Amino acid sequence: MYHVVGGGIAGLAAAYSLQQRGHEVAILEGSGDLGGLAASYETAGDPIEKFYHHLSKSEETIVALAEELGVGDRIEWRLGKNAYYVDGEAHPMDTPWEILAYPHMSVYDIFRLGMLTMEIDVRGGVPSFDTYDDLSEFEDVPIKQFLLEHTTRGVYENFFEPLLDAKFGDRKEDVSAAWLLGRIKFRGERDLLRGEILGYPDGGFDALLDPLVDAVGRDTVRTNTLVTDLGIEDGAVTTITTEADGETTTQETDGVVVATMPNVLEELAGYRCEIDFQGAVCAVVTMDRPLTDTYWLNVADEAPFGALIEHTNFVPPERYGGEHLLYVASYVQSDEAWLATADDDAIEEQWLDAIDGMFPAFDRDHVERFRLAKAPRAAPIYERGYLDMVVPYDLEDDVADGLYYAGMASEAQYPERSLDGGIVAGFECAKRIDRKAD
Ligand SMILES: Cc1cc2nc3c(=O)[nH]c(=O)nc-3n(C[C@H](O)[C@H](O)[C@H](O)COP(=O)(O)OP(=O)(O)OC[C@H]3O[C@@H](n4cnc5c(N)ncnc54)[C@H](O)[C@@H]3O)c2cc1C
């Protein structure tokens, strides 16, 4: 019997693929719920993820899995309208003319930004179409240096810097240009005249997670079962220890896939991952009316959050019994930061105050509910040299035979962590286990 630590998407995918390959498997999940970071709240209609989620067109494994599970037709592709909030005003940024009308960059800045997003290097006046093909060439290049060389100071200061502040805070200088270029490739499809097309399942991501759990088998999953230790003998994993209902149990195992954040891998098996993670604090605000007409509003302002993501401007409020749902989100780079330690009421007060200041038509009475989720490890800091730090799928050479890793520090979660990446990582581990078992 193989064991999977963690019942998030990566653990579920690993177990599913192991079963498809004829192996017996158990999933051990420490919390009471499955789905990990993609778990949901209830609404008056469909469930809504605690942390905002959508799919990009470049993500194919998750779509293929949905089809395999018979729910491929649930994934809907919709326009996700973007805007940029600067100096008290939201500027739509979807169509070419909206971007041209953005007052905080010159036409030349916009031209250089456009060329970069189309991956055309126009330095020296002669366009080159292959400069950005090999990302490894940019792995050690600081993002600011890259943007100043490949675009303009205006593009860096008035477009990317506020986004980097929101995404990485005081760690922004550490991020590599390869990450940015990878993100540009990852974003996938734009409708040139309308904007970005994003995917979201009818019924939320539960519409995918539930059939996946059904396919794996409810009996395969043990929730409220924390894995606390792995036994390693003669260079191989031999036992797994769990705690459930105050009882500690140790059992034999043929192999273990750790599908959690890498700190758990360190605790269980002593493997030290060098990647730094940042936390996320994310509220779902239920309102009786819309706040904006945008899905994704980047906030380049002194506001205490980085983005306002109005989910019901992407998926209609009718799906949620008429509720209007707004995510308010911020990353935190330190466990000691105010946001990481403050209680929910204090954060609610601060965030709603800030929204009040930004939108004159907003009134606290519009808010019906404020639910807050915190994840101490929500996303890696994609530092320079990142790919040298990713945790291998097969840890035989690093720790012990029979130990595998499918969590967020794996290669599939670069250049952006995603549900698709989690599925790929789970599948990669199952493939390697199967190959060895032959
Ligand atoms: C703010 C935010 C926004 C995001 N937006 C998107 C998006 O738009 N699109 C997208 O595709 N992805 C998005 N993601 C990323 C996506 O949620 C993750 O990549 C994915 O859910 C990771 O899955 P996982 O299974 O690797 O880890 P997790 O979901 O973290 O699951 C790990 C599980 O392991 C369990 N566990 C931990 N320790 C133990 C233990 N010792 N014993 C047993 N169980 C244990 C945990 O309880 C958890 O359930 C977002 C994430 C965040 C935080």
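This briefing covers the cores, the ligand site, selected helices and some backbone details of the structure above. The model is predicted: local features need pLDDT of at least 70, side-chain atom pairs count only at pLDDT 80 or more, and totals for chains, interfaces and linings use all residues. Residues are numbered from 1 along each chain as its sequence is written, and side-chain values use heavy atoms, with hydrogens and water left out. The largest nonpolar core has 64 residues.

**Nonpolar cores**

- A nonpolar core is a set of buried Ala, Val, Leu, Ile, Met, Phe, Trp, Tyr and Cys residues joined through side-chain atoms within 4.5 Å.
- Buried means under 20% relative accessible area, exposed means over 50%, and partly exposed lies in between (1.4 Å probe, protein chains only).
- In the largest core, of 64 residues, Val4, Tyr52, Ile62 and Val257 touch the most other members.
- Helix H1 (residues 9-20) gives the most to this core, with 8 residues. Helices (H or I, at least four residues) and strands (E, at least two) are DSSP runs, numbered from the N terminus.
- Apart from this core lies another, of 57 residues, including Val258, Met261, Leu268 and Ile275.
- Beyond residues up to four places away in sequence, Val257 touches His3, Val4, Val5, Ala14, Tyr404, Ala406, Cys429 and Ile433. Contact means heavy atoms within 4.5 Å.

**Ligand site**

- There are 29 residues around the ligand, and Glu29, Leu37, His53, His54 and Leu419 come nearest. A residue is near a molecule if one of its heavy atoms lies within 4 Å of it.
- An N or O atom in the side chain of Glu29 is 2.6 Å from a ligand oxygen. A polar contact is a pair of N or O atoms within 3.5 Å; within protein, one must be able to donate a hydrogen and the other to accept it, and residues adjacent in sequence count only if both atoms are side-chain atoms.
- A polar backbone atom of Gly30 is 2.9 Å from a nitrogen atom of the ligand.
- A polar backbone atom of Val227 is 3.0 Å from a nitrogen atom of the ligand.
- H1 and strand S11 (226-233) are the elements that give two or more residues to the shell around the ligand.

**Helices**

- In helix H5 (residues 143-150), Ile143, Phe146, Leu147 and His150 are buried. They cover an arc of only 95° around the axis, so they sit on the same side of H5. The arc is that of the directions from the helix axis to the C-beta atoms.
- Leu148 is also in H5. Leu148 counts as partly exposed because its relative accessibility is 28%. Leaving aside neighbours within four places in sequence, Leu148 is in contact with Arg153 and Tyr156.
- Helix H4 (residues 107-117) has Asp109, Ile110, Arg112, Leu113, Met115 and Leu116 buried. Glu119 follows H4, with a positive phi near 60°.
- Helix H8 (residues 206-216) has Ala207, Leu208, Leu209, Pro211, Leu212, Val213 and Val216 buried. Their cover includes H1, strand S2 (25-28), helix H2 (61-68), strand S9 (195-201) and strand S10 (221-222).
- Gly217 follows H8, with a positive phi near 100°.

**Buried positions**

- Asp94 is in the loop between strand S7 (89-92) and helix H3 (96-100). Asp94 counts as buried because its relative accessibility is 4%. A polar atom of the Asp94 side chain lies 3.0 Å from the backbone nitrogen of Asn82.
- Val284 is in strand S15 (residues 277-287). Val284 is buried, with a relative accessible area of 1%.
- Val284 and Arg371 are 87 residues apart along the chain, yet their C-alpha atoms are separated by 5.3 Å.

**Backbone exceptions**

- Most residues other than glycine have a negative phi, and most peptide bonds are trans.
- The peptide bond from Tyr414 to Pro415 is cis, with omega near 10°. Pro415 lies in the loop between strand S20 (403-405) and helix H12 (419-437).
- Asp87 has a positive phi near 50°. Asp87 is in the loop between strand S6 (82-86) and S7, and counts as exposed at 62% relative accessibility.
- Asn224 has a positive phi of about 50°. Asn224 is in the loop between S10 and S11, and counts as partly exposed at 46% relative accessibility.
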